[in-house]
Amino acid sequence: MTLRLHRDVDGPCLAPEGSIVAIGAFDGLHLGHQTILDEVRRRAEARGLVPAVITFEPLPRAFFSKEPVPRLSGVREKAEGMGAAGIRELLSLRFDEALTAMSAEDFVRRVIVGRLAAREVWVGEDFRFGHRRGGDFALLQSMGAELGFTAHAVPPVIVDGERVSSSKVRTLLGESRFAEAARLLGRPFVIDGHVEHGQQLGRTLGYPTANIHLSERVSPVQGIFAVRIGVGDGPCSWPGVASLGFRPTVNEVREPLLEAHLFDFSGDLYGQRIGVEFVRKLRDEAKFDGLDALTAQMRQDEIAARQALGMNPILASETHG
Ligand SMILES: Cc1cc2nc3c(=O)[nH]c(=O)nc-3n(C[C@H](O)[C@H](O)[C@H](O)COP(=O)(O)O)c2cc1C
Ligand SMILES: Nc1ncnc2c1ncn2[C@@H]1O[C@H](COP(=O)(O)OP(=O)(O)OP(=O)(O)O)[C@@H](O)[C@H]1O
């Protein structure tokens, strides 16, 4: 069953037979999100209704913030994750001035009922929505009684004594605490994308890299990392070293670039989709005085990454000796 994506507040009803709906930003699809989506899928199956999600792009937090808000998942990854979780209708509303001006009551009538004919609405206990966060769980309950749906709150999903949230995962990743972030996500943190052509300079330095342009997507991590790479749908198992940043030394870029060097690999990855799993941060990106100094540092990075990944660092001198 494939996922259908819609962007408009108004339009025809997407589930005339009735739907089970979850609402939220859903960046990263962490364990709290997964709990809600599981309920939606289970309830939709049990009642023969359509499993649906209302989400927002850009993220509401990013719309209101003066600072850039790092993203855990791209728009495409988020939709794919929803599809994999069994969601069939994804109403990804444009989060703009018009939407923030809409009252909570209007949101219930026009979107939850008008667009999705909701029979059940699932949210976290503390969920707020509508103009100035005027709507809450109690409003969903009272309006639902009138408009033909029930409201359900999932109890907070707690890990290590704290409520799981996208913000918490962003903070952990910013501090390179990858193992803890993975516990909240229910899987390791991975950035994926299509490999694009670089300057081909990496080859001559002894470090060819698969490059992924992050464009406007703000990354929660920056620097040089020990990583594991997956190609296509395969698991992230190929060891390597990666740089995520602007590479100030040569051909500085304006938008962040993820460059992954796979150890002992000699295939062509251009055009393929790869996933990069972050295992350990090695250092911050630096501006070097010329290519020799950069290459010497990359060699140190390779040795450190091999060690971090539990490999024999001696191999490094055999490969690039
Ligand atoms: C392990 C690793 C570490 C890197 N560290 C830095 C760095 O600290 N500063 C920098 O300017 N570029 C850094 N880079 C980026 C290189 O400048 C870039 O890979 C090289 O210029 C090749 O570019 P190309 O892929 O366009 O050919 C690093 C790349 C790798 C793979
Ligand atoms: N740990 C959790 N336990 C239960 N429900 C949650 C949890 N985290 C989020 N939810 C619920 O999942 C839906 C989507 O969450 P949303 O992405 O909006 O919040 P979040 O993960 O706390 O993100 P942020 O930290 O950016 O506010 C909402 O209904 C929210 O209440």
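Leaving aside neighbours within four places in sequence, V121 is in contact with V21, I23, I112, L140, G144, F149, A151 and H152, where contact means that the C-beta atoms of two residues, placed from the backbone, lie within 7 Å. The structure is a predicted model, in which local features need pLDDT of at least 70 and side-chain atom pairs count only at pLDDT 80 or more, while totals for chains, interfaces and linings use all residues. Residues are numbered from 1 along each chain as its sequence is written, with chains lettered from A and ligands numbered from 1 in the order in which they are written.

V121 also belongs to the largest nonpolar core, which has 39 residues; V21, A22, A52, I112 and V121 have the most contacts inside it. Such a core is a set of buried Ala, Val, Leu, Ile, Met, Phe, Trp, Tyr and Cys residues joined through C-beta atoms within 7 Å, and buried means that 20 or more other C-beta atoms lie within 10 Å of the residue's own, all placed from the backbone. Among the elements giving two or more residues to this core are strand 2 (19-23), helix 1 (31-47), strand 3 (50-57) and strand 5 (118-124); helices (H or I, at least four residues) and strands (E, at least two) are DSSP runs, numbered from the N terminus. A second, separate core has 35 residues, including I191, A260, V276 and F278.

F278 leads on to the strand pairing. It is the bridge partner, in strand 14, of V227. Strand 14 (residues 273-283) and strand 11 pair in the antiparallel sense over eight bridges, pairing being assigned if DSSP finds at least two bridges between two strands. Strand 11 (residues 223-231) is also joined to strand 12 by seven bridges, again antiparallel, and here I224 stands opposite S243. Six residues lie between the strands of this hairpin, in which G232 takes a positive phi near 60°.

Strand 12 (238-245) returns in the shell around ligand 1, where helix 9 (201-205), strand 13 (257-262) and helix 10 (291-308) likewise supply at least two residues each. The largest share, three residues, comes from helix 10. Of the 24 residues around the ligand, G198, Q199, L201, G202 and T249 come nearest; a residue is near if its C-beta atom, placed from the backbone, lies within 6 Å of the molecule.

At the level of the whole chain, there are two domains, domain 1 (4-163) and domain 2 (188-320), with bounds from an automatic or database domain assignment. Their centres, taken over C-alpha atoms, are separated by 36 Å. Seven residues from domain 1 and five residues from domain 2 make the contact.

Methods: A residue is buried if 20 or more other C-beta atoms lie within 10 Å of its own, exposed if 12 or fewer, and partly exposed in between; C-beta atoms are placed from the backbone.
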